[in-house]
Amino acid sequence: GGALLVDLGRANATNFSGGWQRTFTLGAPATVRFTFDWKVGTRGGLEPDEYCGAVMMLDGLRYGPTGTAPAFFLGRLFGDGNGTSDLNTAWTGYTIDLPLPAGAHTLTLGGFCNKTTVNTEFGLVWFDNVSVASISGGSGVLANDTGGAVTAQLVGNVSHGALILAA
C-alpha cells in the first residue's frame with residue numbers, strides 16, 4: 001500500500017497549506033462516513049511558536065477535534081527549537097459522519113503550517129486507509145467505482161512545497 005503525503009515549507013513563509021482533493025456526487029441526501037488515518041511530522045527544528053497540522057475539509061469547511069472554528073485541525077505538532085531531531089505524531093484514526101445533501105461534494109485532506117523561518121524547516125502530513133461511504137440514504141458515494149486503480153489529480157499549484165503520492 002501507500003499513503004498520501006503533503007510536503008509543506010522549505011521557505012521563510014507564513015500561513016501556507018496544501019492538500020489532495022477528490023470530488024464525489026450523491027444522487028440523494030445521505031449520511032456519509034469519512035474514515036482515515038493521519039500523521040504529522042516536522043523537520044529542520046521548528047521553533048516552539050511554529051507548527052504544522054493535519055486538515056480535513058469538506059466543501060470548504062474544516063473538520064477536526066482541535067482548534068477553534070473555522071480553523072479546526074485533526075491534530076498539530078509544534079516545534080521544540082532549532083537543531084532538534086525530527087518530530088512525528090503517532091498514526092491516529094479519525095472518523096466523522098456527516099449528513100450531506102444530494103449533489104457534488106469535495107473532500108480535501110491536507111496540511112497547514114503557520115510559519116517556517118529557514119528553508120530547511122518543513123512539515124509532512126500523511127493520510128492512509130481513506131474510506132468514504134454512504135451509511136444512510138442515497139445509493140452510494142461513487143456510482144462509477146469499478147474497484148480498479150485510484151487516481152489523484154493536483155488541483156492547484158503548490159506555492160511552498162510539493163505534493164507526493166507515495167507508492
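Cysteine 52 is buried in this predicted model, with a relative accessible area of 0%. Cysteine 113 likewise counts as buried, at 0% relative accessibility. What joins these two residues? A disulfide connects cysteine 52 to cysteine 113, with a distance from S to S of 2.0 Å. Cysteine 52 belongs to strand β4, residues 51–58, and cysteine 113 to strand β11, residues 103–116, so the pair ties together parts that are 61 residues apart in sequence. The torsion about the S-S bond is about 105 degrees, and the disulfide is therefore right-handed. The count of disulfides comes to one.

The protein has 13 strands and zero helices. Of its 167 residues, 41% are buried. The protein exposes about 8400 Å², and carbon and sulfur atoms supply 53% of that area.

I continue with strand β1, which covers residues 4–9. This strand is mostly covered, since six of its six residues are buried. Which strand pairs with β1? Six bridges join β1 to strand β12, residues 122–137, and the two run antiparallel. Within this pairing, leucine 5 stands opposite tryptophan 126 in β12.

Which element gives the most? Leucine 74 deserves a separate word. Leaving aside its neighbours within four places in sequence, leucine 74 is in contact with a list of residues, among them Phe36, Trp38, Met56, Tyr94 and Phe127.

I now come to the backbone geometry. Most residues other than glycine have a negative phi, and most peptide bonds are trans. Where does the model depart from this pattern? The peptide bond from alanine 69 to proline 70 is cis, with omega near 0 degrees. Proline 70 is placed in the loop between β6, residues 66–68, and β7, residues 71–73.

Two further residues have a backbone angle to point out. Arginine 10 is not a glycine, yet has a positive phi of about 65 degrees. Arginine 10 is found in the loop between β1 and β2, and is partly exposed, with a relative accessible area of 39%. Aspartate 59, also not a glycine, has a positive phi of about 55 degrees. Aspartate 59 sits in the loop between β4 and β5. What is its relative accessible area? For aspartate 59 the value is 39%, so the residue is partly exposed.

Finally, a word on confidence. The mean pLDDT of the protein is 84, and 80% of its residues reach 70 or more. Where does pLDDT stay under 50? This happens over residues 143–148, for which the model has zero contacts beyond four places in sequence. Where pLDDT is low, the predicted coordinates should not be read in detail.

Methods: Residues are numbered from 1 along each chain as its sequence is written. This is a predicted model: local features need pLDDT of at least 70, side-chain atom pairs count only at pLDDT 80 or more; totals for chains, interfaces and linings use all residues. Side-chain values use heavy atoms; hydrogens and water are left out. A disulfide is a pair of cysteine sulfur atoms within 2.5 Å. Helices (H or I, at least four residues) and strands (E, at least two) are DSSP runs, numbered from the N terminus. Buried means under 20% relative accessible area, exposed over 50%, partly exposed in between (1.4 Å probe, protein chains only). Accessible areas come from the Shrake-Rupley method with a 1.4 Å probe; for residues, only the protein chains shown count as cover. Two strands pair if DSSP finds at least two bridges between them. pLDDT is the predictor's confidence in each residue, from 0 to 100. Contact means heavy atoms within 4.5 Å.
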